[in-house]
Amino acid sequence: MAAALALFFKLIPLYVTVALGWLAGRYLEASGKHIAGIMLYIVTPSVVFSGVMAAPLSPEVIFLPFLIFTMSCVLGVLQLKLAKRVITDGSASLIPLCVGSGNTGYFGVPVALLLFGEEGLGLYIVCMLGTTLFENSVGFYLAARGRHDLKSALWRVVKLPSVYAFLAAVLLNLSGIRIPALFQPLFDNLRGAYSILGMMIIGMSITSFGGLAGNIRFTGLAFFGKFVVWPAVAVLFWWLDANLLGIYQPAVHQAIFLISVTPIAANTVVIATMLETSPRQAAGTVLLTTLFALAFIPVMISLAF
């Protein structure tokens, strides 16, 4: 429990950042949309590139994004089938984004750095790319069904800079090339900007603290999928690999587990706004899961690690 309390206090600055984002959106008319483009095309690829460059790569590690992507797809599709049975207001299509991905970047990266250090952070970022791929392909497609076809969803992946940053970093890493010391401070600063701006986007998305839960069925399913189903799948894989398969080291199991307990991705709000599909519902649920994770993550990490 002491470890849980220590991590709890270390996470408090992240929530202060969310509050600052809300103040900026409420009183300075700042918009997360303006920041989203910078995050997508500049900051996120930089974080992915530097993280993969620092990771100890092997064929098994390189396969990790595709493993996480597959897990996310299965979880997203199954949860969508369930959501369509109990949600009738048109927001069910957002459930796969809520449960299949997570705030693995804006929220998870600083937590991973606290838990794993620089080398472990590299492994975590390799895994994180799997949820990014899901979010921008299958997750987007399921959320936009009826408005965008599969070709449009795949085109989003083709245009995703993080994919090319990942591939470039893998090639350079395997070639023995490292980031020059001259540029290391730049990448460190971009990683800090990634966490700060990403958490502020959540706060900017909340225009009112009234009725955050919105549709209780939607919020309940999102919480169940994100904080019960995903961690259960991660623990099951951890047990199977540790006792039967023997493919990965404990550091990888821990990275996947951390991904499973992160709150709903802030980009869910961006996609919901772009598709005009219950953006306030998405923003409220994202904030509630982020607040819940303040206590949930320290407890789960202290139990699992």
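Start by selecting Leu20. At 46% relative accessibility, Leu20 counts as partly exposed. The cut-offs: buried is under 20% relative accessible area, exposed is over 50%, and partly exposed is in between, with a 1.4 Å probe and protein chains only. This is a predicted model, where local features need pLDDT of at least 70, side-chain atom pairs count only at pLDDT 80 or more, and totals for chains, interfaces and linings use all residues. Residues are numbered from 1 along each chain as its sequence is written, and side-chain values use heavy atoms, with hydrogens and water left out.

Helices here are DSSP runs (H or I, at least four residues), as strands are (E, at least two), numbered from the N terminus. Patch members have over 30% relative accessible area and no salt bridge; nonpolar side chains (Val, Leu, Ile, Met, Phe, Trp, Tyr) are joined within 5 Å, like charges within 9 Å. The areas come from the Shrake-Rupley method with a 1.4 Å probe, and for residues only the protein chains shown count as cover.

Go to Pro56. It sits in the loop between helix H2 (32-54) and H3. Pro56 is partly exposed, at 37% relative accessibility. Draw a C-alpha to C-alpha distance to Trp155: 30 Å in space, for 99 residues in sequence.

**The positive patch**

Next, select Lys81, Lys84, Arg85 and Arg145. These gather in a patch of positive charge on the surface. Lys and Arg count as positive and Asp and Glu as negative, while His and the chain ends are not counted. Each charge is placed at NZ of Lys, CZ of Arg, CG of Asp or CD of Glu. Zoom on Lys84, in helix H3 (residues 59-86). Lys84 counts as exposed because its relative accessibility is 52%.

Show residues 161-174, helix H8, and pick Leu172. Leu172 is partly exposed, with a relative accessible area of 29%. From Leu172 to Glu276 is 40 Å, C-alpha to C-alpha, and 104 residues in sequence. Val170 is also found in helix H8. Is Val170 buried or exposed? Buried, at 8% relative accessibility.

How many salt bridges does the count come to? One. The rule asks for a side-chain nitrogen of Lys or Arg within 4 Å of a carboxyl oxygen of Asp or Glu. Select Asp188 and Arg191: their closest N and O atoms are 3.8 Å apart. Both lie in helix H9 (residues 184-205), three residues apart, about one turn of the helix. An α-helix has 3.6 residues a turn, so residues three or four places apart point the same way. Asp188 is partly exposed at 33%. Arg191 is buried, with a relative accessible area of 16%.

**H10**

Move to Val229 in helix H10 (residues 216-245). At 17% relative accessibility, Val229 is buried. Leu94 is 135 residues away in sequence and 16 Å away in space, C-alpha to C-alpha, from Val229.

**Last stop: H11**

Select residues 250-261, helix H11. Its 12 residues should span 16 Å at 1.5 Å a residue; the end C-alpha atoms are 17 Å apart, which agrees. The expected span is 1.5 Å times one less than the number of residues. Nine of the 12 residues are buried, so H11 is largely enclosed by the rest of the structure. Among the buried residues are Val252, His253, Ile256 and Phe257.
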